[in-house]
Amino acid sequence: MSPNAFPVPDLVPLPVLLPLLGAALTLAFRRSPRLQRSVSIAVLAAVVAVAGVLVWQTDVNGPQVLWLGAWQEPLGISLVADRLSALMLLVSSIVTLLVLVFAIGQGQADSDDEIESETPLTIFHPTYLVLAAGVSNAFLAGDLFNLFVGFEILLFSSYVLITLGGSAARIHAGTTYVVVSLLSSALFLVGIAAVYAATGTVNLAQLAIRIGDLPSGVALVLQLSLLTAFAIKAAVFPLSAWLPDSYPTAPAPVTAVFAGLLTKVGVYAIIRTQTLLFPDSPLQGLLMWAALLTMVIGILGAVSQSGLKRILSFTLVSHIGYMIFGIALATPEGTAGAIFYVAHHITIQTALFLITGLVERLAGTTSLDRLGGLAVASPVLATLFFVSAMNLSGIPPLSGFLAKVGLLHAGIELGTPLAWLLVVGGIVTSLLTLYALTKVWSQAFWRTLADAPRSSETAAAPQEGALVGARETTHGSGPGTGPETTTASAVLADANPRTLPRTMLGATAAMTLVGVLITVVAGPLFAYTQRAASDLMSREPYVTSVLPVEVRR
Amino acid sequence: MTALAPTLIEPSLQPNITLVLVTVGLVATGTALALDRSLVRVLLGMVLIGNGIAVLYLVISGRAGRAPFVGEDPAAISDPLPQAMVLTAIVISLATIGFLLALSYRLWQISGTDDVPDDAEDARIQRLALEDQTSSTYDPSEESTTTSDELAADDGSPRAP
């Protein structure tokens with residue numbers, strides 16, 4: 001195909017524009033849930049298609065650039081899709097689409113069961129689409145300020161989604177989340193101001209040229225301020241405490257899409273700035289320590305928890321460490337490994353949170369103390385969990401194993417003592433992940449419900465807890481409320497199984513399947529990430545395709 | 001306007017000390033407020049930090065000049081780019097503050113106070129560590145303690161009371 005047969009750069013803004021237009025439409029159609037659903041699905045499916053074309057085109061023809069508003073370059077806003085952005089875009093759009101299907105299934109099932117919907121659809125659809133637009137915008141942004149705007153778009157819709165329904169627990173979690181996000185945005189703004197004052201531009205391609213001329217001290221300040229802002233968003237260790245406190249309370253589909261995408265946008269920003277702006281960074285050591293601590297402390301958090309959602313939130317933090325590890329190595333292999341890991345981790349973490357949503361639906365709780373017998377109650381769900389859990393822990397031959405091997409290999413190749421330490425840390429983290437998830441498997445799925453520490457309450461309580469499928473009723477769920485106030489307990493399928501809605505199960509199965517699919521296409525995908533990484537390392541394809549020769553200074 | 005960018009990286013850019021001091025004052029006061037327990041004070045702190053950063057953008061836009069309209073002498077106008085950026089940032093922070101106000105009102109509605117609550121999970125792990133006990137998940141004979149937020153998350157209907 002000749003590059004001029006179709007103006008591919010014109011496709012670049014679509015992943016941002018389509019969801020925004022879709023959000024407007026779904027807002028207008030708020031009285032017709034069916035129309036809302038069709039619009040959302042159509043829009044996100046179109047974004048998947050566009051992202052697919054972009055992946056193919058960037059791989060064949062190099063980065064696709066569109067300068068918005070026809071300003072004279074380099075004044076306007078540029079959207080850039082290179083191999084990295086296109087891949088991120090494709091994975092994230094697939095995830096948003098599948099989670100949307102899950103959420104729709106949940107909404108329908110809730111209205112069938114006459115349970116008040118966990119996802120009030122009228123607000124949910126527009127907000128969710130704006131979130132998708134923000135994620136796409138962050139991936140495509142060609143300048144720091146547009147990246148900031150992308151972050152703000154996705155953060156603002158995430159504020160709404162995380163406090164959906166406005167229950168006490170969600171307001172508490174949302175408060176932490178909003179304040180932390182505000183702070184990181186403030187730091188990001190300060191970083192942008194410093195960058196502009198030092199270089200006179202915020203365009204990433206121009207910065208790539210100009211930052212090299214700055215005194216090393218100034219460049220270090222710029223790098224540190226940007227890294228701090230991104231590290232909060234990506235939940236890198238000293239700045240990760242907000243995540244396990246805020247994610248678990250949101251509705252299942254919301255947690256799933258947050259866990260999959262939002263932290264990865266931060267990781268993407270770190271990859272972008274580290275490779276493009278600060279290629280000779282003096283901070284590799286610092287990043288390696290941060291990676292090590294993120295991995296180990298995160299996973300120790302997961303081991304100490306007894307709630308499934310919290311365990312998964314901590315594994316999420318912990319596995320961010322792997323990606324930072326790859327970035328910190330600053331070799332093509334390390335960066336390629338990090339990119340592959342991002343793609344793998346987005347799908348697998350989302351799948352696990354969707355499974356958690358189904359567990360909660362089936363058993364009424366996600367607390368391991370009160371779960372049991374799920375393998376009997378739903379063999380399909382158990383299979384999905386087992387595959388995803390093994391995938392996350394890195395059991396061969398699944399993609400988690402391949403992603404980790406790629407990173408460890410890159411670490412061994414670098415061969416410094418610190419890199420070796422990280423290799424060891426990575427293996428330990430992988431084993432501890434396996435431990436934490438096996439614990440979930442043996443307790444929630446494998447043992448009988450009678451063996452669960454708090455299942456006795458189930459038998460002894462003939463009141464509302466005995467109703468099959470009764471939802472937990474927590475009286476006064478504020479802080480300091482002990483577990484004693486909970487009257488209902490998990491009741492499982494032995495009497496009258498609460499079936500899982502087919503749409504939700506289907507979406508979860510599809511999500512797990514995408515994770516397995518990454519294993520199948522691991523060879524080509526690794527080759528692709530290696531090409532993406534060598535582009536990033538040489539920086540030249542990005543800069544030359546964004547900037548015309550006369551403004552390349 | 002392209003001519004503006006190179007002038008900015010010249011060392012002749014003298015920061016306006018008054019504006020720098022205003023920024024420092026606003027951000028410092030804001031930080032002090034944001035460390036408070038009450039959400040309304042945190043919110044006010046965030047407003048002050050946001051305003052301080054807005055002033056910072058005036059510092060980086062260099063010397064003050066005429067309004068940047070087409071047709072003005074490019075040497076006489078002030079740099080329009082930081083103004084465009086800071087306007088965006090102000091709009092975004094306005095919206096976020098509005099949302100945070102709604103959140104603190106809801107928090108007050110629910111709990112009668114606007115204090116940011118203790119982290120129940122953190123307290124639980126600390127208690128277990130103090131008592132030198134393992135988590136109940138490991139020891140079925142132990143009386144169970146479940147995190148309050150997971151219990152709350154079990155609550156299927158997040159509706160207002």
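## Chain B

Chain B has 6 helices and 0 strands. From the N terminus on, its elements follow the order α-α-α-α-α-α. The model is predicted.

Of the 161 residues in chain B, 35% are buried. Among the contacts in chain B with a separation of 6 or more, 49% are between residues 24 or more positions apart. The accessible surface of chain B is about 8,700 Å², and carbon and sulfur atoms account for 65% of that area.

## Aromatic pairs and cluster

Over all chains, the structure contains 24 aromatic pairs. One of them is the stacked pair of Phe340(A) and Phe526(A), with 4.4 Å centre to centre and 15° between the planes. Phe340(A) belongs to helix α13 (residues 332–363) of chain A and Phe526(A) to helix α20 (residues 522–538) of chain A, so the pair ties together parts 186 residues apart in sequence. Phe340(A) counts as buried because its relative accessibility is 0%. Phe526(A), at a relative accessible area of 18%, is buried.

One aromatic cluster is formed by Phe156(A), Tyr159(A), Tyr177(A), Trp242(A), Tyr247(A), Phe258(A) and Phe99(B).

## Charges over rings

Lys233(A) lies over the face of Phe151(A), 4.7 Å from the ring centre. In the case of Tyr322(A), the charged end of Lys404(A) sits over the ring at 5.2 Å from its centre.

## Nonpolar surface patch

A nonpolar patch on the surface consists of Val53(A), Trp56(A) and Val60(A), which together have about 280 Å² of accessible area. Val53(A) is located in helix α2 (residues 33–61) of chain A. Its relative accessibility is 31%, so Val53(A) counts as partly exposed.

Notes: Residues numbered from 1 in each chain as written. Chains lettered and ligands numbered in written order. Predicted model: local features only at pLDDT ≥ 70, side-chain atom pairs only at ≥ 80, totals over all residues. Heavy atoms only, no water. Patch = residues over 30% accessible without salt bridge, like charges linked within 9 Å, V, L, I, M, F, W, Y side chains within 5 Å. Areas by Shrake-Rupley, 256 points an atom, 1.4 Å probe, with all protein chains shown as cover. Salt bridge = Lys/Arg side-chain N within 4 Å of Asp/Glu carboxyl O. Helix = DSSP H or I, 4+ residues; strand = E, 2+ residues; numbered from the N terminus. Buried < 20%, exposed > 50% of the residue type's maximum accessible area, 1.4 Å probe, protein only. Contact = heavy atoms within 4.5 Å. Phe/Tyr/Trp six-rings, centres within 6.5 Å; stacked < 30°, edge-to-face > 60°. Lys NZ or Arg CZ within 6 Å of the ring centre and 35° of its normal.
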